[in-house]
Amino acid sequence: MEDIKDYAIFRVDPEGRIATWNVGAQRVKGYTSEEAIGQPFSMLFTPEDVQAGKPEQELRQAAETGVYQGEGVRLRKGGIRFCAEVTLRTLSGPDGSHRGFVKVTRDITERKRIEQQLRERAEFEQQLIGIVSHDLRTPISAVLMASALLLRSKDLGTRHAVTVGRILTSAERAHRLIGSLLDFTQARLGGGLPIQYSAFDMHRFVALLIEELELARPGSRLRFEASGEGSGEWDSDRVAQLITNLVNNALSHGAEGGLVTVRVVGGAEAVMLSVHNRGAPISPQAMSTLFEPMQRDEGAPRTSRSGSIGLGMFIVKHIVQAHGGTLDVESTQAGGTTVTVRLPRHPPPRSAATEAEGSAASM
């Protein structure tokens, strides 16, 4: 105990006076052993804690239960305050008689400072994303509406129509990015993604979605396959978001000009959605963070030109979990990359849905 320097360890007699004082106590508290021994240990508390009877409360709890543990503000020599983690245990003699207490104090000021900085940074980032996303949606929506109206005009020349088309495409992409930021913020804040269930046929829905994606990405090679029963209850907007993210990811990171296959297989209790592409496999390092936000496989020789912000797979994970489903990824040089999603045909029980959202928020 005498050689321990990072912890203040000292004995307090039954009357609350300091009886021993180690090197760590001098380092943490600033008092020498001559200055501390014999003094009431209440000298180490703030005046307000002394007035509130905090020293006596600690002694009483330790005497009644055997130990007191807690965190609080303590004083160094000269009245300097610091954050401390403290443990106060009772000492008993061979005959069971009360011999006083042993007090262990650790300075956790730096740890508390770092924790506070991390909390403030996280809060700032989440608030910034939420505010920016909301404030940007209004002007982007105006650009989308105005561009769509201009494209319908019969007086618009071909050259101008091409320019307006580019404006509309860029505005739509910005709108999707804003939506992703809002989803990211909501998931990070622990609220989970909102799900609105409705009945529809998954085969027909995904087939139409693939047609839209082919029109949006000219030159892409998409193949759709369906089997089994496709009816069920899901959030159609979220399923569209899920498929779009997976297909765009496969097109952007797969072999250039390669075929992307989307399959929907109906099972007894759930529907399996899979997206497969050829190309360089996902590296083990990237696989471990594939569904984390703002992550990319920098080492893989890929041809990504998506310009994404790295939220697509993160949102995919939360959509699947909000539906009570599962998600699996296989990626090899020989077999390519396949992302498989299992979605139950019907909404999960309320408790299971809530648990899934909580699990998603903590990841």
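A nonpolar core is a set of buried Ala, Val, Leu, Ile, Met, Phe, Trp, Tyr and Cys residues joined through side-chain atoms within 4.5 Å. Buried means under 20% relative accessible area, with a 1.4 Å probe and protein chains only. This is a predicted model: local features need pLDDT of at least 70, side-chain atom pairs count only at pLDDT 80 or more, and totals for chains, interfaces and linings use all residues. Residues are numbered from 1 along each chain as its sequence is written, and side-chain values use heavy atoms, without hydrogens or water.

The largest nonpolar core has 40 residues. M202, I210, L242, I243, L246, V247 and L273 touch the most other members. Several elements give two or more residues to this core, including α7 (202–216), α8 (236–253) and β9 (270–277). Helices (H or I, at least four residues) and strands (E, at least two) are DSSP runs, numbered from the N terminus. The top contributor is α8, with 8 residues.

What is I210 in contact with, beyond its neighbours within four places in sequence? Its partners are L222, F224, I243, V247 and V262. Contact here means heavy atoms within 4.5 Å.

## Helix α8

Helix α8 has 18 residues. From first C-alpha to last, α8 reaches 26 Å, close to the 26 Å expected at 1.5 Å a residue. The expected span is 1.5 Å times one less than the number of residues.

Most of α8 is covered: 14 of its 18 residues are buried. D235 caps the N-terminal end of α8. A side-chain oxygen of D235 lies 3.1 Å from the backbone nitrogen of D237.

## Aromatic rings

The structure holds 4 aromatic pairs. Rings of Phe, Tyr and Trp (its six-membered ring) pair if their centres lie within 6.5 Å; planes under 30 degrees apart count as stacked, over 60 as edge-to-face and the rest as tilted. F10 and W21 form a tilted pair, 5.0 Å centre to centre with 45° between the planes. F10 lies in strand β1 (residues 8–12) and W21 in the loop between β1 and α1 (23–29), so the pair ties together parts 11 residues apart in sequence. Both F10 and W21 are buried.

F41 and F45 have ring centres 5.3 Å apart and planes at 85°, so this pair is edge-to-face. F41 is buried, at 2% relative accessible area. F45 is buried too, at 2%. Elsewhere, F200, F205 and W234 form one aromatic cluster.

Note on methods. Buried means under 20% relative accessible area, exposed over 50%, partly exposed in between (1.4 Å probe, protein chains only). A polar contact is a pair of N or O atoms within 3.5 Å; within protein, one must be able to donate a hydrogen and the other to accept it, and residues adjacent in sequence count only if both atoms are side-chain atoms.
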